[in-house]
Amino acid sequence: MKKSTWIIIALVAVVAIAFFWGIGKRNTFVGLEENVKTAWSQVESQYQRRADLIPNLVATVKGYAAHEKETLESVIKARSEATSTQINADNMDEVALQKFQDSQNALSSALSKLMVVVERYPELKANENFMNLQHQLEGTENRIAVARQDFNTVAQTYNKEIRLFPGSLVASFCGFTARPYFSAQPGSDVAPTVAF
């Protein structure tokens with residue numbers, strides 16, 4: 001065989017290897033992107049579980065503390081805003097995630113205020129229905145924390161893969177973009193002051 005034939009065969013082999021490697025990388029990115037979407041759906045599911053518990057909690061508290069109308073209305077309003085803030089996992093960016101996180105943080109804050117109000121009503125704290133709802137809400141908050149942590153872990157794996165060279169070339173060519181992370185609430189880095 002001539003030298004030019006070997007060069008052509010070598011070039012075709014290199015192109016074929018690069019092509020199949022690129023397809024393999026793209027398929028890897030698709031799998032990782034699906035993992036991110038699945039983790040996000042778990043986050044949404046846990047937030048929805050919390051939102052579903054709130055009307056029963058508010059109704060139970062309302063029966064005992066009807067004159068706490070402002071607090072109850074703030075919880076209902078925060079729930080409404082939190083459930084109306086949606087993110088499409090395909091188009092998730094830092095701005096959308098921050099908006100979602102802000103609405104969920106507002107709901108958490110309103111629920112915290114509600115629990116402070118409950119402290120004034122010992123008969124409510126002793127109510128079996130309220131205690132059950134409170135335990136479910138606490139469990140849901142833990143599930144939310146785990147789902148958020150799992151999402152961050154999966155998003156980190158995906159983000160790392162699409163940024164590593166030479167796979168980043170395939171990722172940018174195919175339109176794969178980085179996913180944002182959940183972050184701590186502002187002020188959570190400061191220890192609370194306890195005064196007696």
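Is aspartate 90 buried, partly exposed or exposed? In the predicted model described here, aspartate 90 has a relative accessibility of 40% and therefore counts as partly exposed, since that class covers the range between the 20% limit for buried residues and the 50% limit for exposed ones. The residue also takes part in a salt bridge, and the description of charged pairs begins with this contact.

A search of the whole structure finds six salt bridges. Side chains of opposite charge can pair when their charged atoms come close. In the pair formed by lysine 37 and aspartate 90, the closest N and O atoms are 2.5 Å apart. The contact belongs to a network, in which salt bridges that share partners join Glu34, Lys37 and Asp90.

Another salt bridge is formed by the side chains of lysine 25 and glutamate 161, with an N to O distance of 3.3 Å. Because lysine 25 lies in helix H1 and glutamate 161 in helix H5, the pair ties together parts that are 136 residues apart in sequence.

A salt bridge is also present between arginine 179 and glutamate 33, where the closest N and O atoms are 3.0 Å apart. Arginine 179 is located in the segment after H6 and glutamate 33 in helix H1, so parts that are 146 residues apart in sequence are tied together by this pair. Arginine 179 has a relative accessibility of 3% and so counts as buried. Glutamate 33, at 15% relative accessibility, is buried as well, because the limit for this class is 20%. The side chains of glutamate 33 and arginine 179 are also joined by a polar contact of 3.0 Å. When neighbours within four places in sequence are left aside, the residues in contact with glutamate 33 are Tyr158, Phe176 and Arg179.

Seven aromatic pairs are found in a search of the whole structure. One of them consists of phenylalanine 29 and phenylalanine 176, whose ring centres are 5.5 Å apart; the planes meet at 65 degrees, so the pair is edge-to-face. Phenylalanine 29 is part of helix H1 and phenylalanine 176 is part of the segment after helix H6 (167–174), so that the pair links distant parts of the chain, 147 residues apart. Phenylalanine 29 and phenylalanine 176 are both buried.

Tryptophan 40 and phenylalanine 100 likewise form an edge-to-face aromatic pair, with 5.1 Å from centre to centre and 65 degrees between the planes. Since tryptophan 40 lies in helix H1 and phenylalanine 100 in helix H3 (residues 94–118), parts that are 60 residues apart in sequence are tied together by this pair. Both residues, tryptophan 40 and phenylalanine 100, are buried. They also belong to one aromatic cluster, formed by Trp40, Tyr47, Phe100, Phe151 and Phe182.

The backbone contains a cis peptide bond between phenylalanine 165 and proline 166, with omega at about 5 degrees. Proline 166 is placed in the loop between helix H5 (128–163) and H6.

Other positions concern the surface and the spacing of residues. Met1, Trp6 and Ile9 make a nonpolar surface patch of about 380 Å². Of these residues, methionine 1 lies in the segment before helix H1 (3–64). Methionine 1 has a relative accessibility of 71% and therefore counts as exposed, because exposed residues are those over 50%. Glutamine 156, a residue of helix H5, has a relative accessible area of 49% and so is partly exposed. The C-alpha atoms of glutamine 156 and glutamate 44 are separated by 18 Å, the two residues being 112 residues apart along the chain.

Definitions and conventions:
Residues numbered from 1 in each chain as written. Predicted model: local features only at pLDDT ≥ 70, side-chain atom pairs only at ≥ 80, totals over all residues. Heavy atoms only, no water. Patch = residues over 30% accessible without salt bridge, like charges linked within 9 Å, V, L, I, M, F, W, Y side chains within 5 Å. Areas by Shrake-Rupley, 256 points an atom, 1.4 Å probe, with all protein chains shown as cover. Salt bridge = Lys/Arg side-chain N within 4 Å of Asp/Glu carboxyl O. Helix = DSSP H or I, 4+ residues; strand = E, 2+ residues; numbered from the N terminus. Buried < 20%, exposed > 50% of the residue type's maximum accessible area, 1.4 Å probe, protein only. Polar contact = N/O pair within 3.5 Å; in protein donor to acceptor, adjacent residues only side chain to side chain. Contact = heavy atoms within 4.5 Å. Phe/Tyr/Trp six-rings, centres within 6.5 Å; stacked < 30°, edge-to-face > 60°.
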